[in-house]
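I opened my notebook to go through this structure.

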Amino acid sequence: MKGINCNIIRDLLPSYVDNVCSEDSRYLVEEHINSCAQCRTQLELLKSTELTDEQGEQTRVLYFKKIKRYYEKGIICLVFLTLALIGGFLFMVNHYGMARSSVFYIIFAMLLIAAYVLMPDSPVLNQHPKQSGVFVFVSILASAFVLSYYHYAIYYYAQNTPADMTENGPFGVPLNEVGPYLQRRLVLMAVLQLGIFILSNIRLLQGYQIHKSIYGFTLTGFWLTAGYICILHNMTTVEELYPYLTRMTVGLIAEGIVGSLISCSLAKKVLK
């Protein structure tokens, strides 16, 4: 079955044979062995081997210890990644002018790889694929909002002379408040992307079937908002701002796509 490797199924087989696993685990095992000859052979071997009560109890204890380690690792990694994302965000926003722009893309790539590699795959998955789609949709919608909102402000300034903007700027906001107004909304979108990232991982730890592509969507959106805030703090003219904004948008989206593919491939090898 897609998303479940043989090692996980073989860990579940003893509990399946002893009839102590959940209905969801039983469904996953039966679904997998229908298409996997090796695991089917392993199952037959287990069935033909009579286990003593002591051996069966030991198998169950080892299985529950494995589940406990999975939760402990998942929680630790999620806390670490959340703190790293917040720390990276604050560092770049406050020190972007002093740091090279390449540092921005390097931090993004490192955090993207870390998210794919560190977060463990659940040994038992419930069948709730719709939640994954909802998370992806909301993340894409938030990124699209940031893109359109920020670009509209730049377009407004490019199309109007200072004489045309005597009091109010884009969105009907007073000119001296446009910067803080944009920043508040960018921070809100960053918090939303981070929230989706955390929630999707919590649901994954709970056993829900969340595709790891959500990491690429949420972290790209999160880092886009961080980049836009950096630009807002450091650019002085519209002529300088618009091309730099375009390069950053294209660069981060491209890096997010390529980085997600590489990170996903790397994660499969590391977690195998």
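Accessible areas here come from the Shrake-Rupley method with a 1.4 Å probe. I looked up the surface of the protein chain on that basis: about 14800 Å², with 63% of that area belonging to carbon and sulfur atoms. I noted that the model is predicted.

Next, the fold. I found nine helices and zero strands in the protein chain. Of its 272 residues, 42% are buried. I also checked contacts between residues at least 6 apart in sequence. Of these, 79% join residues at least 24 apart.

Then I turned to helix α1, residues 6–18.

Where does α1 bend? I found a bend of about 35° at L12. A proline, P14, follows within four residues. Both L12 and P14 are on the list of buried residues of α1, along with I8, I9, L13, S15 and Y16. After α1 comes N19, and its phi is positive, near 60°.

Last, the cysteines. How many disulfides does a search of the whole structure find? The search gave zero. I looked up C77 and found it buried, at a relative accessible area of 10%. The cut-off I used for buried is under 20% relative accessible area.

Methods. Residues numbered from 1 in each chain as written. Predicted model: local features only at pLDDT ≥ 70, side-chain atom pairs only at ≥ 80, totals over all residues. Heavy atoms only, no water. Bend = angle between axes of the 7 residues up to and from the residue. Helix = DSSP H or I, 4+ residues; strand = E, 2+ residues; numbered from the N terminus. Buried < 20%, exposed > 50% of the residue type's maximum accessible area, 1.4 Å probe, protein only. Contact = heavy atoms within 4.5 Å. Disulfide = S-S within 2.5 Å.
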